[in-house]
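Have the structure open as you read.

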Amino acid sequence: MKIDFVLNEEKVSVEVEHSNRLLDVLRDDLHQISVKEGCGEGECGSCSVLMNGKLVNSCLIAIASVDGCHILTLEGYRKTKRFEAIRKGFEVSGSVQCGFCTPGFVLAAEALLSENPDPSALEVMKGIEGNLCRCTGYQMIVAGILEAKEIGKGLW
Amino acid sequence: MSKISESIKRYDFEDKIQGKAIYTPDFHPEGMIFAKTFRSKVSRAKILSLQLPPLPKGYFIVDHHDIPAKNIVPVVFEDQPVFAVDEVNYIGEPILLVVGPEKRVILEIMNNISIEYQIIQPILSIEEAETCSAPFIFNNKPYFVDYEYHKGNFDDSVRRAKRVISDEFKTGYQEQAYLETQSMVATYDGHTVCVQGSMQCPYYIVEALKVALGWNESRIRVIQMPTGGAFGGKEEFPSIPGVHAALAAIKSKRPVKLVYDRQEDIQCSSKRHPSIISIKSYLDENDEIIARDIDVKLDGGAYAGLSSVVLQRSIFAAAGCYNIENLFVRGTAYATNNVVSGAFRGFGGPQAFYAIEMHMENIAKQLKKDPIELRRKYFVKQGDTSSTQGTFHDPIVLDLIANEVIAMSDFKSKRLRFESEKLKGIGCSIFYHGCGFTGAGEAELIKPSVRIKKEKSEIEIFISSTEIGQGVLTTMRKIVSSTLEIPIDHVHHNYPDSRDCPDSGPTVASRTVLIVGRLLQDCAIEMKKRWNEESFEIIQSYVYPSHLRWDNQIFKGNAYPDYSWGANVVEVEINADTYEIDVKGIWAVYDIGIPIDDKIVKGQIEGGIVQGLGYAMMEVLESKKGKLSQDTFTTYIIPSSLDIPPIYSKLVKNPSTIGPFGARGLGEIPLVGVAPALACAVQQAIGTNITKIPITPEDIMKGVQL
Ligand code: FES
Ligand code: FES
């Protein structure tokens with residue numbers, strides 16, 4: 001079937017089977033390599049994308065339900081000013097190790113900050129609950145998001 | 001603070017934060033097709049027959065017939081086949097690959113393979129292996145290896161003893177749970193096969209390809225791709241998917257991608273060894289510990305893998321940080337029809353330190369002594385001999401480490417207070433991690449070498465050490481540029497490619513900074529002397545330090561080239577309704593020498609502690625009839641951001657005498673001591689001894705009711 005949606009602010013149209021996962025379409029057909037598969041069952045958040053501004057696990061989204069939606073991946077988000085703030089926050093806080101979880105955490109941070117531009121550490125912890133990281137132990141990611149919120153004051 | 005410790009921006013940061021880093025699953029060479037592994041569904045059987053469906057055009061089966069040389073995965077022993085031939089020994093053992101352009105068709109083919117087994121009685125636990133009446137799995141004995149070593153005069157001390165305190169502990173499996181599953185891409189150009197993938201040890205894969213293909217090294221190339229976590233799980237295991245992908249590429253003459261799905265990865269890749277450890281301490285009339293008897297049993301799974309070396313580390317570590325003059329230590333790595341156990345951060349250490357630290361706690365309890373002060377009495381010091389009778393040549397600052405952790409955590413007053421406050425507890429652990437390969441392994445087995453090249457003002461590092469998130473692409477540049485006293489941006493370093501990187505050894509055993517970093521420093525010192533020359537290169541190989549010695553037959557001498565040390569305190573409160581453990585704080589103090597980069601070090605510490613926390617109280621992983629019951633991230637629970645207590649860590653300054661800039665190994669030690677400190681805390685909180693990890697609410701419920 002043909003699905004039309006907006007990916008990173010550009011219209012795309014893909015010919016796919018309706019049972020395909022958004023994750024596969026993004027990775028295989030649209031070359032969005034920042035979207036990672038960590039578990040394939042909605043547990044790790046490595047495949048996070050923003051769907052109409054909401055954080056979703058793209059491994060759980062059937063492509064049919066994406067018709068007409070806005071999808072944002074890190075490939076699009078990384079061109080924004082907000083991303084710059086998160087990038088700087090993550091850099092100074094040592095939030096990245098193996099990096100496999102990182103795109104997911106960047107988008108989780110965006111989702112969190114756009115909902116709540118001034119979260120406490122606890123709120124950040126809650127906000128990233130759906131994203132697993134096996135390398136950092138999370139504190140340095142939380143610090144990165146708190147740092148980003150300062151750097152990017154006024155952007156969210 | 002040393003200049004070198006000041007953090008800089010990681011060299012792998014930009015690619016990763018922008019999502020541009022190409023991990024193996026993201027890599028699509030022109031013409032690439034896919035492979036999937038068809039695996040045993042039974043834990044032990046003869047394969048009577050195997051029927052394949054007709055294959056559509058462009059699809060291939062790859063099995064043991066396609067191996068030109070030896071059907072062996074070389075690790076320590078040569079018992080494990082690349083593909084099963086006529087028998088299988090664990091659930092998930094690879095039998096063949098289905099290879100072709102479409103994943104959907106591959107799955108269809110897999111579903112239509114029929115296989116007839118004749119079941120053999122499996123051996124499914126350490127206990128079953130010990131008393132096994134079924135046919136043996138390995139060489140007519142129930143185990144892969146059994147070891148023992150002695151110190152002092154054990155028998156005499158036992159006779160002299162007035163009191164014996166004994167304990168037995170069990171530890172469970174742990175899954176590395178790197179976020180990127182095992183992934184390989186192989187290409188073949190008619191002459192050379194190239195394997196690119198997620199790995200810790202490129203030269204282990206080179207060796208595995210040499211053995212399976214029988215080819216000369218010039219026809220084999222292995223390149224590490226950005227790797228989404230490893231933790232030991234990408235040490236020896238990737239040789240299997242690496243060789244599989246290569247065989248498929250050679251047969252199909254197309255690039256082949258082999259990426260495991262999560263469930264497959266958990267079921268089939270190596271795990272931390274489950275253990276049963278018993279310790280008996282013999283005390284004299286003054287309640288002095290005069291001798292110790294230690295017995296370590298590991299479940300090695302179906303093939304020997306690294307079990308022998310894990311067991312060695314385990315039996316050396318089981319003596320703890322204590323100078324007990326008389327020791328009798330045994331260890332056995334049993335062969336069972338479970339998934340193959342293997343490398344995991346700590347490598348036998350976490351099991352051993354859990355046991356010895358709980359045992360020290362229990363002795364303190366019985367003698368009504370302060371748990372840290374009892375430990376302190378026996379701390380090893382510079383000039384003492386280790387459990388294997390090697391002299392500790394360097395200063396050991398355990399006293400300082402203990403003092404710091406007590407002060408930071410307010411251990412003593414909390415410990416006292418919680419005696420009368422229900423369901424609250426605080427516990428401690430003291431531990432070390434030997435850095436580098438066991439004994440003289442660095443010189444005799446690994447023989448690492450490194451290469452650096454100068455081209456005008458640009459320097460390039462060539463080593464086989466991999467970037468697995470621990471920061472090697474940054475720390476090695478720092479070591480070289482600081483030695484040369486040049487701006488770091490003139491130093492270049494890439495992911496390893498066996499074509500131009502010599503074998504610097506595997507990226508394991510907390511050895512990279514200590515051993516490889518030191519070799520690079522030596523090269524750079526030499527290079528600095530010749531700085532006026534425009535272009536040249538220096539290759540440096542490891543030389544065993546002359547003040548160390550090791551006899552691998554009787555395990556006597558310096559078990560490791562260097563040691564890192566640490567102490568943890570964990571405070572808990574048990575939820576009275578759910579029996580869940582609420583961790584209030586973790587305090588950690590380490591001597592890792594001089595940190596090469598403060599931020600990277602902090603990241604290793606916090607990540608390791610959280611993995612240790614998972615090991616201690618969350619990550620339940622059980623084999624039921626040879627099948628792991630928790631094989632998804634829904635059932636195998638690793639810590640999420642909501643499980644993280646406040647973590648306070650601190651380093652004491654005690655430079656290594658052999659590491660570059662005084663640095664020692666760091667990667668593993670943060671995981672090692674968490675479980676015992678946490679279990680000691682739970683023990684105080686509920687007043688009943690904890691004898692196993694992970695500690696579940698069910699365990700606590702049983703304990704509390706008593
Ligand atoms: S891959 Fe989608 S949540 Fe893990
Ligand atoms: S940085 Fe490796 S999983 Fe998060």
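Is B:Arg511 buried or exposed? In this predicted model, B:Arg511 is buried, at a relative accessible area of 0%. Its salt-bridge partner is B:Glu442, with the closest N and O atoms 2.8 Å apart.

Other charged pairs follow. Side chains of opposite charge can pair when their charged atoms come close. B:Arg376 and B:Asp399 meet in a salt bridge at 2.7 Å, N to O. This pair also links distant parts of the chain, from helix α10 (residues 371-377) to helix α11 (residues 398-409) of chain B, 23 residues apart. Here B:Asp399 is partly exposed, with a relative accessible area of 42%.

B:Arg530 pairs with B:Glu533, the closest N and O atoms being 2.9 Å apart. B:Arg530 is partly exposed at 28%, and B:Glu533 is partly exposed at 34%. Over all chains, the salt bridges number 62.

Now turn to strand β5 (residues 94-100) of chain B. Seven of its seven residues are buried, so the strand is largely enclosed by the rest of the structure. Strand β1 (residues 33-39) of chain B runs antiparallel to β5(B), joined by six bridges. Strand β3 (residues 60-62) of chain B pairs with β5(B) in the antiparallel sense over three bridges. B:Leu97 in β5(B) is the bridge partner of B:Thr37, and B:Val62 stands opposite B:Leu97.

Key:
Residues are numbered from 1 along each chain as its sequence is written. Chains are lettered from A and ligands numbered from 1 in the order in which they are written. This is a predicted model: local features need pLDDT of at least 70, side-chain atom pairs count only at pLDDT 80 or more; totals for chains, interfaces and linings use all residues. Side-chain values use heavy atoms; hydrogens and water are left out. Buried means under 20% relative accessible area, exposed over 50%, partly exposed in between (1.4 Å probe, protein chains only). Helices (H or I, at least four residues) and strands (E, at least two) are DSSP runs, numbered from the N terminus. Two strands pair if DSSP finds at least two bridges between them. A salt bridge is a side-chain nitrogen of Lys or Arg within 4 Å of a carboxyl oxygen of Asp or Glu.
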